[in-house]
Amino acid sequence: MFIYDSWYVAALATEVNSEKPLARMILGKPMVFFRTDEGQVAALEDRCMHRGMPLSAGPICNKGRSLQCPYHGLEFDITGACVKAPSQTSIPRNMQVLTYPVVERDSFVWVWTGDPEIADPATIPTTGPVNDDTFGLFSLLHLEYKADWKLIYDNVMDLTHLAYVHSVVNGDVQANVEAKLTISTDDDGKRVRFARELPNSVPPDLYAGFVFKGNCDRWQEMECSTSGMQLWNGALDVGCGALDGSRVRVGGFQLYTYQAVTPSSEGNSHYFSNGYTNVHLGNEEVFAKMREGHIKTLYEDRVIIEPQQVRLNETPGRPVVSLSADAAGLAVRRMFKKLLTAEMEKKAPPRPARSSGHQDLMEELTGGAR
Amino acid sequence: MFIYDSWYVAALATEVNSEKPLARMILGKPMVFFRTDEGQVAALEDRCMHRGMPLSAGPICNKGRSLQCPYHGLEFDITGACVKAPSQTSIPRNMQVLTYPVVERDSFVWVWTGDPEIADPATIPTTGPVNDDTFGLFSLLHLEYKADWKLIYDNVMDLTHLAYVHSVVNGDVQANVEAKLTISTDDDGKRVRFARELPNSVPPDLYAGFVFKGNCDRWQEMECSTSGMQLWNGALDVGCGALDGSRVRVGGFQLYTYQAVTPSSEGNSHYFSNGYTNVHLGNEEVFAKMREGHIKTLYEDRVIIEPQQVRLNETPGRPVVSLSADAAGLAVRRMFKKLLTAEMEKKAPPRPARSSGHQDLMEELTGGAR
Amino acid sequence: MFIYDSWYVAALATEVNSEKPLARMILGKPMVFFRTDEGQVAALEDRCMHRGMPLSAGPICNKGRSLQCPYHGLEFDITGACVKAPSQTSIPRNMQVLTYPVVERDSFVWVWTGDPEIADPATIPTTGPVNDDTFGLFSLLHLEYKADWKLIYDNVMDLTHLAYVHSVVNGDVQANVEAKLTISTDDDGKRVRFARELPNSVPPDLYAGFVFKGNCDRWQEMECSTSGMQLWNGALDVGCGALDGSRVRVGGFQLYTYQAVTPSSEGNSHYFSNGYTNVHLGNEEVFAKMREGHIKTLYEDRVIIEPQQVRLNETPGRPVVSLSADAAGLAVRRMFKKLLTAEMEKKAPPRPARSSGHQDLMEELTGGAR
Ligand code: FES
Ligand code: FES
Ligand code: FES
């Protein structure tokens, strides 16, 4: 069960080039990504319309403008049109592979998996302070999880796991207990936000890279959509305006991480993430350590979430019980459930699944030559 | 298809300690076993009630009295009650994991998988002459079989396989053919017994460790229940009473082996076994050889039963034909069929299986915060 | 979905001996092959009628005339009859395993998988110029493909893949475009033939082993049935009669390859192949190179067909579009579809599949001792 009408990160921009096609399963759809010599990114169905061969197994040709099928040599351009059929003089009209709306934005390649009519690049979320020179990108990575996308959202939305999974002591205990929490869902039902404020609190270990005068005013803000989760952690010296009406949040310690969770197939997910900070700019040694910490964190999460998924699969019908800390995660689950329901109502009932693509092929092929 | 209202061996007693939880699948139920510092064994569902994480992945804490979930730190005691919820001040009433009736008896940890109301430790079978100083335990082991539990019962109940699978020549051929066989089922339908008597017979090779004066009076007795099979082989010098009305069976050569077959999941089984004898007591060298022979025997069985299972799976609808030697195995099958039918009639129709525990989780979580 | 009323290659003749039984899955049927000391080949169901053990795991005995089950020692002869039941004096009447009509012909062992009443060895196809001394066998091999049999037929029937998969430049481009192609289906609907003629054409690289005077008259002929595909490539010097009415095709360069595609289980296939040529007879060095080339070619095909199968499985319901070059392959698909439909209409509805052969076993065994 996926929400198709959404932008998803399909690749790091650096993964897509004009040397070798990139094959990737996105929401159960086999896709192939490549880049023209001019730098434009293309996203096609990774399945030749002739006999179903993965196009990603063939070469990029024609100055990056086409893929050549490795089986019988058909060539398809970035619009999905067949531009060469070497064994005959004309090209069948319907020899055309699917394309997907695709946008390269900052470090990521985004793809739209649903109705292309409503694919609006303006709805691609910002993934950190990408155009702000006072911030630096210290990490950018891609992992695969053998787990449903929603379990990964649960993980990020409930930060009480930090103490147990990552051995992170989250700073001033009393301030954490008294923290003011706000959870809200946007009017269009497509974004959940939560904000936590910890005024006048002892800076946590994590912020030790920055020197505060004394206590600090801390914030944690999360913006969550079907595309992923933007997490913004920060703190200024007390009284610098971080938590007052003006919310001028310049300087201090700030950390942005984007978590893009893209379902690959049922029960499997891609996890793309980046990290920006405003401290230690230009210090490559510190940035390397932060990158290592970032990767380690995701490995620590995965070693929890994958066995959790196995156990949940093994115990259908057994209930779960929620805690207060699940409030944000539950708001996200509710949002997803509404979006899923709305999509299912919008769509005609899908064609029933067949046991094998090959039976279709047989029917198709014996329907008569075209 | 399992018979739940039964005691099953879940572990060797030595496998359960207070250092590291033991995860084990028993009749399709994920269980975790651990031991308090006082030595008491606990058996919980290996699934945190919060979000389904295997509790066996976390530490034992609180002097062996609790398990800590490695995800968000909830702690559950040996009664399954949540005793700590670190992120909040009160503990939700229904935050409780399942427990299973568990008994440590001699070398094994037994667990009851069915209706706990009728779990009576008095029905745990004896697994050999455990309190008899004239016998010594020479072997104790645990194997896993990729095979249905019933195929393993078939194996043990039909000892004609000894000559082919284990190259054991079973002694006096003529005596074997003329042996008196009795098969009976207990009145409550929960035990099948068979007894074979071979009076005045040449001692088989297997008994070569013991010096008979000449021929011997041999017996083979089997007691079989859903918990396992107790096999008792023995022989006394002719005329010492082994087979007469008194049945005084002291001395001579005697061998007890218990075979506890515990289904793990559909098509997979645990096999626990022990062995006691009254000869060579204190001779560790001979005991080591007997242990080796015991292990080898089980490996020889497994290399038969696993391919048999594969073939039976591949040929649904193909019949089998029985031999006279199957009489005991068929009596056991009939007992199991009756017990299975009785359990199914007793139970309400089970909740229909879902494709994924995760769908349930979604429904549960979006049902509203509690 | 298989066509059962057909002969299939089950093994190379050299694979079947009287030392060790050969286990092989053919059209979803587990079979075991062995050879009597007199050299006769036998094909039995690889499943003991007693408790389903694979007979192939036991020894051949009785001068190659029987198989001994490794579990309880029953022996079955080449007619499938049980000839020994060591644990009892009489043999149950219905203790009989299935046999399959089997014929050794030239390098292959053929088996009939359908209705034995209509198994006529006369319908086994010839696999090359087996009795012609002017031809030599340079290659004979067996591969397994994780792909449906029909995809392998598609592959062979559409030779436009040669340029892309095997980097073979297929000779005179203009002659290829103008080649006269004939496709026909035999009246009984059991064979598709295609013939291609390239008169007065430049010899392709592949034929470089033979010295033509100048241009050549080339032919490609294919005869395709459910048993496999006979491909005959050849060329004579222009005007020697290769393409005129007389069709005297003696000498020149000629190459016969037989491709026997035998489904093993759903989505898996055996591929047996041989190769004969009339050039370089007796030159073992050149023959070794030709054999290498033959093997390499099949590996190159497999590396295409297996990913194609995966992709087709992943994209049920997605269409394919055919090219002119698919005409022969489509004729074959139509033939197969008709044969499949005819078989399904002939048969009574098959017994519904069970989830496990073991449930049957339980039912069978508890039906009462026989
Ligand atoms: S499958 Fe792509 S060209 Fe034939
Ligand atoms: S899953 Fe166990 S504490 Fe959350
Ligand atoms: S299974 Fe073959 S003899 Fe028993």
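Guide: Let's start with one pair: Asp326(A) makes a salt bridge with Arg51(B), and their closest N and O atoms are 3.5 Å apart. This pair runs between chains, from the loop between helix H4 (284–314) and helix H5 (327–346) of chain A to the loop between strand E4 (41–45) and strand E5 (60–61) of chain B. Before going on, note that this is a predicted model, where local features need pLDDT of at least 70 and side-chain atom pairs count only at pLDDT 80 or more, while totals for chains, interfaces and linings use all residues. Residues are numbered from 1 along each chain as its sequence is written, chains are lettered from A and ligands numbered from 1 in the order in which they are written, and side-chain values use heavy atoms, leaving out hydrogens and water.

Visitor: What counts as a salt bridge?

Guide: Side chains of opposite charge can pair when their charged atoms come close. The rule here asks for a side-chain nitrogen of Lys or Arg within 4 Å of a carboxyl oxygen of Asp or Glu. Over all chains, that gives 52 salt bridges. Helices (H or I, at least four residues) and strands (E, at least two), by the way, are DSSP runs numbered from the N terminus.

Visitor: Are Asp326(A) and Arg51(B) buried or exposed?

Guide: Both Asp326(A) and Arg51(B) are buried. The word buried means under 20% relative accessible area, exposed means over 50%, and partly exposed is in between (1.4 Å probe, protein chains only). Now try Glu15(A), whose salt bridge with Arg24(A) has its closest N and O atoms 2.8 Å apart. Glu15(A) is partly exposed at 23%, whereas Arg24(A) counts as buried at 11%.

Visitor: Which residues of chain A are linked in a network of salt bridges?

Guide: That network joins Asp186(A), Arg191(A), Arg193(A) and Glu223(A).

Visitor: How do I read the interface of chain B and chain A?

Guide: The size of an interface is often given as the accessible area lost when the parts come together. Buried area here is that loss (1.4 Å probe), summed over both parts. Chain B and chain A bury about 3700 Å² between them, with 59% of it on carbon and sulfur atoms. In terms of contact (heavy atoms within 4.5 Å), 39 residues of chain B meet 38 residues of chain A. Three salt bridges are counted between these chains, and Arg311(A) with Asp46(B) form a salt bridge whose closest N and O atoms are 2.9 Å apart. Helix H6 (residues 357–366) of chain B provides the largest share of the side of chain B that touches chain A, with nine residues.

Visitor: What about chain C and chain A?

Guide: Here 38 residues of chain C are in contact with 39 residues of chain A, and about 3700 Å² is buried between the two chains. Asp326(C) forms a salt bridge with Arg51(A), with 3.5 Å between the closest N and O atoms. On the side of chain C that touches chain A, H4(C) gives the most, with ten residues.
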